[in-house]
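Please look over the model below before reading on.

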Amino acid sequence: NREFYGSMKSEDVVEITDATREVFKAMIRFIYNKKTKWQLYDLSFVSSVYYLAEKYDLETLREEIIAAISKYKISDENVLEVAILAEEKKLHQPLSEALYDVAASFLSQKFMGNLDEALNYFTDVDKTHAFIILNLMRHMKNLPIMFDALINDRVYMIIEQLQDEFDNSGGVDRDTIRGHLQHRYQKLEVEGALDFLAGDGHIYSTIDEDHFKTTD
């Protein structure tokens, strides 16, 4: 079926522009009913196969990959990498959710479902990953999206209040924001809200990446 090959320059040349040769071959093996042991491949490879399965509407392949992801072994060494991959694949929601779920399942077992201990586990992680870590926590406890929205609103209001109070053109610094919320939220929760608000255009950094002002 040439629909899988796109534009062909000749009868002997196949041009693949959105997948590696090995990823494409994995899809073709599935089409010809050849069994694949997905755990022999890393999750990045499997995610790429899922992309092709979605592109070519291979529902059974998509379902097989989602089921296989839940059986992957997650460890201290790769749990954050899996969560980062999950966030990168957020446009492919079933895939993203499966990746988040398998990482969150590891954390839940490691910390016996204790959210505070899981958050402390990531204390020294780069703050740019805070929003991803919060998504992990949400999956770990199966919290609704509303949980994140409340934190985002609170952080936004604190920035708005402080910038008006001090009329500081340099913006409100990260430590001051955390200080005003430390009795209500964990450090990573505040970092995740800052990351979300900046990424969504509600706040922006000013003199450096640790000072913020609201856009409204």
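1. H1 (residues 21-31) and H2 pack at an angle of about 60 degrees, and their axes are 9 Å apart. Axes here are lines fitted to C-alpha atoms, for helices over the stretch in contact, with angles from 0 to 180 degrees between N-to-C directions. Helices (H or I, at least four residues) and strands (E, at least two) are DSSP runs numbered from the N terminus.

2. On the H1 side of this packing are Glu22, Val23, Phe24, Ala26 and Met27, which meet Phe45, Ser48, Val49 and Leu52 of H2; contact means heavy atoms within 4.5 Å. By class, the residues of this contact are seven nonpolar, one polar and one charged. Nonpolar covers Ala, Val, Leu, Ile, Met, Phe, Trp, Tyr, Cys and Pro, charged covers Asp, Glu, Lys and Arg, and the others, Gly among them, are polar.

3. A word on the basis of these values. This is a predicted model, in which local features need pLDDT of at least 70 and side-chain atom pairs count only at pLDDT 80 or more, while totals for chains, interfaces and linings use all residues. Residues are numbered from 1 along each chain as its sequence is written, and side-chain values use heavy atoms, with hydrogens and water left out.

4. The protein chain has 10 helices and three strands. Of its 216 residues, 42% count as buried, where buried means under 20% relative accessible area, exposed over 50% and partly exposed in between (1.4 Å probe, protein chains only). Among contacts between residues at least 6 apart in sequence, 62% join residues at least 24 apart.

5. How much of helix H4 is buried? Seven of the 10 residues of H4 (residues 79-88) are buried, so this helix is largely enclosed by the rest of the structure. The buried residues are Val79, Leu80, Val82, Ala83, Leu85, Ala86 and Glu87. They pack against H2, H5 (93-110), H6 (115-121) and H7 (130-141).

6. The largest nonpolar core has 50 residues; such a core is a set of buried Ala, Val, Leu, Ile, Met, Phe, Trp, Tyr and Cys residues joined through side-chain atoms within 4.5 Å. Those with the most contacts inside this core include Trp38, Leu61, Ile69 and Leu107. H1, H2, H3 (59-69), H4, H5, H6 and H7 each supply at least two of its residues, and H5 gives the largest share, nine residues. Another core, of 16 residues, lies apart from it and has Ile159, Tyr185, Leu197 and Ile203 among its members. Leaving out residues up to four places away in sequence, Leu61 touches Met27, Phe30, Trp38, Val49 and Ala53.

7. Glu54 belongs to H2 (residues 43-55) and is partly exposed, with a relative accessible area of 30%. Beyond neighbours within four places in sequence, Glu54 is in contact with Arg62 and His92. The C-alpha atoms of Glu54 and His92 are separated by 8.6 Å, although the two are 38 residues apart along the chain.

8. Two loop residues have positive phi without being glycine. Asn33, in the loop between H1 and H2, has a phi of about 60 degrees and is exposed at 69% relative accessibility. Asp57, in the loop between H2 and H3, has a phi near 55 degrees and is exposed, with a relative accessible area of 58%.
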